[in-house]
Amino acid sequence: MIKTVEKKAEDKMEKTIEILKSDLSTLRAGRANPKMLDRVVADYYGTPTPISQMSSITAPEPRTILIQPWESKMISVIEKAILASDLGINPSNDGRVIRLVIPQLTEERRKELVKTSKKEGENTKVAIRNIRRAAIEELKAEEKTGAISEDDCKNGENIIQKLTDSKIKKIDEIVKAKEEEIMSI
């Protein structure tokens, strides 16, 4: 019983950390990264669609993203979606492809991005702690019904706490690596 609770909690924690990694990868850190456009959605024949599903997105140079729509009439739609997004980048097109030139980050913008990444990390830690709380509550409920002993419940709580501590340490490492990436550019 303890193993299933632990496995369920660990799976949820891993998914939460994957979401953090995904969110941090979309932060514009002064270097061209096609993942920056993952959250940008354009109107594709009346359906909100991520632009990555209607075009080819590459980073041919360190500070340039190239978007090549599969349909040339989608260029203006994708441009509008990029302008409406929170990226703060002006697209330019030549009729066939859209170019995004990533500007150098100012010191102030770098600090804002570091704050944002720390905030994302804190939100993820809160989510991890909520998963821990739910797992411990599940163990205590099992103890009340007599499915596990009091000692097993305490051991399970210790296992869940160690798991939580290791995941929070991992979150700190991910956020620290993103901070270093932002500040080094």
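**View 1. Asn93 stands opposite Ile98 in strand β6.** Strands β5 and β6 pair in the antiparallel sense over two bridges; two strands are said to pair if DSSP finds at least two bridges between them. Helices (H or I, at least four residues) and strands (E, at least two) are DSSP runs, numbered from the N terminus. The model shown here is predicted: local features need pLDDT of at least 70 and side-chain atom pairs count only at pLDDT 80 or more, while totals for chains, interfaces and linings use all residues. Residues are numbered from 1 along each chain as its sequence is written, and side-chain values use heavy atoms, with hydrogens and water left out.

**View 2. An open sheet is formed by four strands in the order β3-β4-β6-β5.** The pairing in this sheet is antiparallel. Strands β3 and β5 are the edge strands, since each pairs on one side only.

**View 3. Strands β1 (residues 41–44) and β2 (residues 47–50) form an antiparallel pair over four bridges.** Within this pair, Ala42 stands opposite Thr49 in β2. The hairpin of β1 and β2 has two residues between the strands. Tyr45 lies in the loop between β1 and β2, and its phi is near 50 degrees, a positive value in a residue other than glycine. Most residues other than glycine have a negative phi.

**View 4. The buried residues of helix α2 (residues 75–84) are Ile75, Ile78, Glu79, Ala81 and Ile82.** Seen down the axis of α2, these buried residues fall within an arc of 160 degrees, so they line one face of the helix. The arc is that of the directions from the helix axis to the C-beta atoms. Buried means under 20% relative accessible area, exposed over 50%, and partly exposed in between (1.4 Å probe, protein chains only). Exposed residues Lys80, Leu83 and Ala84 are carried by the face of α2 turned away from its buried side. The buried residues of α2 pack against β1, β3 (55–61), β4 (64–69), β5 (92–93) and β6 (98–101).

**View 5. Ser55 has its place in strand β3.** At 2% relative accessibility, Ser55 counts as buried. Its side chain reaches the backbone oxygen of Ile51 at 2.7 Å. Not counting residues up to four places away in sequence, Ser55 touches Ile67, Gln68, Pro69, Trp70 and Ile78, where a contact means heavy atoms within 4.5 Å.

Terms used
Polar contact = N/O pair within 3.5 Å; in protein donor to acceptor, adjacent residues only side chain to side chain.
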